[in-house]
Amino acid sequence: MKAQADQRNEAGPADGARRRPVQQRSQERYERLVDACAALLDEAGAGALTTKAVAQRAGVPIGTLYQFFAGKESLLGALAARNLERYLDRLARRLEAAPPRGVPGFVDLAVEEFVAMRRAVPGFGQVDFGLVDRNSPGVRDGEHLLDRTLDNNTAVALRLQALGGALFSADADAAGPPDAGRPGSTLALRVALEAADAVLKLAFRTDPDGDPVLIAECKRLLGRYLADGPPGPHRPAADTPH
């Protein structure tokens, strides 16, 4: 499972950074900038975030920031990508320690790790694996922070599909066109992520630590949806006698 967490989708990452630092000192500055971005998001939100404020908080010259990032969206993309990598690593460790017997067990662990990060990780309430507020002012394209061609939830779905491995492989190999709405397909996982976004946003709106009842409902909703069988053939309604 751990190795699968390191897989990447084929479309390639979005341009979250102009260049990846190699030297330790540069790596430390890069991480300080991403950390500063996360902290400022908690204080002011994505709409008010500026590269100048991030550089000041990180204690680095603004020119150094632009060596690594093209601008505000690049910073947000780097934070979203870092959050996703850390989430997948945490989830992979949980899966290795106690492999789930089925898809609902995978869902429970996935939701629990997301909730744990939402409670503890700076900036996660504003940017998890994408912008939580998709209409945030000052952000031109918040739907493609992780990938140039895929929306954020599709990019996450592909990573979860790879991490789930055998739990989803039977569905992926089933007869029929790819992503035809089968459980475990990329489409089904994307739908599940959209539903989870809505329910968990509500859970944290009503309780700063996440309403436990709504979190449990999120697990139940996703678990049943993804564990359900493929949809049956469409049948036209019978003619109504006149």
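How many salt bridges does a search of the whole structure find? The search finds 12. Please bear in mind that this is a predicted model.

Let me begin with the charged side chains. Side chains of opposite charge can pair when their charged atoms come close. Consider Arg82, which forms a salt bridge with Glu31, with 2.6 Å between the closest N and O atoms. Arg82 belongs to helix H5 (residues 72-97) and Glu31 to helix H2, and the two are 51 residues apart. Arg82 also meets Asp35 in a salt bridge, at 2.8 Å from N to O. Asp35 lies in helix H2 and Arg82 in helix H5, so this pair ties together parts that are 47 residues apart in sequence.

Are these residues buried or exposed? Buried means under 20% relative accessible area; Arg82, at 14%, therefore counts as buried. Glu31 is partly exposed at 29%, and Asp35 is partly exposed at 40%.

I turn now to the aromatic rings. The structure holds eight aromatic pairs. In one of them, the ring centres of Tyr30 and Phe68 are 5.8 Å apart and the planes stand at 85°, so the pair is edge-to-face. Tyr30 and Phe68 are both buried. Phe68 also pairs edge-to-face with Phe69, at 6.4 Å between centres and 70° between planes. Elsewhere, ring pairs link Tyr87, Phe114, Phe124 and Phe129 into a cluster.

Finally, a charge meets a ring: Arg118 lies over the face of Phe204, 4.4 Å from the ring centre.

Note on methods. Residues are numbered from 1 along each chain as its sequence is written. This is a predicted model: local features need pLDDT of at least 70, side-chain atom pairs count only at pLDDT 80 or more; totals for chains, interfaces and linings use all residues. Side-chain values use heavy atoms; hydrogens and water are left out. Rings of Phe, Tyr and Trp (its six-membered ring) pair if their centres lie within 6.5 Å; planes under 30 degrees apart count as stacked, over 60 as edge-to-face and the rest as tilted. Buried means under 20% relative accessible area, exposed over 50%, partly exposed in between (1.4 Å probe, protein chains only). A charge sits over a ring if NZ of Lys or CZ of Arg is within 6 Å of the ring centre and within 35 degrees of the ring normal. A salt bridge is a side-chain nitrogen of Lys or Arg within 4 Å of a carboxyl oxygen of Asp or Glu. Helices (H or I, at least four residues) and strands (E, at least two) are DSSP runs, numbered from the N terminus.
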